[in-house]
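Student: Could you show me how to read the packing of helices and the pairing of charges in a model like this one?

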Amino acid sequence: MIVSKHIRQFLFFYGNYYVAGLAISIACGIAVYLWGLPLIFPSLLLKAGTSVLIYVYINVNKKTEFHYYSNLGYSKLTIWCGSLFIDLVLFILVLLLLFKLR
């Protein structure tokens, strides 16, 4: 029960940028699907770079939202680690799904 509460909060925060994160994951997955395994490392670099840009964007434009999570007992680091973990899992799932379709 407690774990699902934490996951729900991470997913709620991930909702701020899931469209961008999922779009990059799908684009990288399609690139790996079309051109093969040599594009996995560049895809990871692209995903990491866009994650940094998303991090900066959210920190600048959603400053007050971190107070909500702070009041729930989450540090900024915890909420970012949880939501980036979810983003990484989705990225890997997209890559695996599209690689299996190949």
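Tutor: Contact here means heavy atoms within 4.5 Å, and helices are DSSP runs of H or I with at least four residues, numbered from the N terminus. This is a predicted model, in which local features need pLDDT of at least 70 and side-chain atom pairs count only at pLDDT 80 or more, while totals for chains, interfaces and linings use all residues. Residues are numbered from 1 along each chain as its sequence is written, and side-chain values use heavy atoms, leaving out hydrogens and water.

Student: Which residues of α2 meet α3?

Tutor: From α2, Ala20, Gly21, Ile24, Ser25, Cys28 and Val32 meet Ile40, Ser43, Leu46, Lys47, Thr50 and Ile54 of α3. The residues of this contact divide into 7 nonpolar, 4 polar and 1 charged, where Ala, Val, Leu, Ile, Met, Phe, Trp, Tyr, Cys and Pro count as nonpolar, Asp, Glu, Lys and Arg as charged, and the others, Gly among them, as polar.

Student: Which residue forms a salt bridge with lysine 47?

Tutor: Side chains of opposite charge can pair when their charged atoms come close. A salt bridge is a side-chain nitrogen of Lys or Arg within 4 Å of a carboxyl oxygen of Asp or Glu, and lysine 47 forms one with aspartate 87, with the closest N and O atoms 3.1 Å apart. Lysine 47 lies in helix α3 and aspartate 87 in helix α5 (residues 76-101), so the pair ties together parts 40 residues apart in sequence.

Student: Is lysine 47 buried or exposed?

Tutor: Lysine 47 counts as buried because its relative accessibility is 7%, and aspartate 87, at 2%, counts as buried too; buried means under 20% relative accessible area, exposed over 50%, and partly exposed in between (1.4 Å probe, protein chains only).

Terms used: Helices (H or I, at least four residues) and strands (E, at least two) are DSSP runs, numbered from the N terminus.
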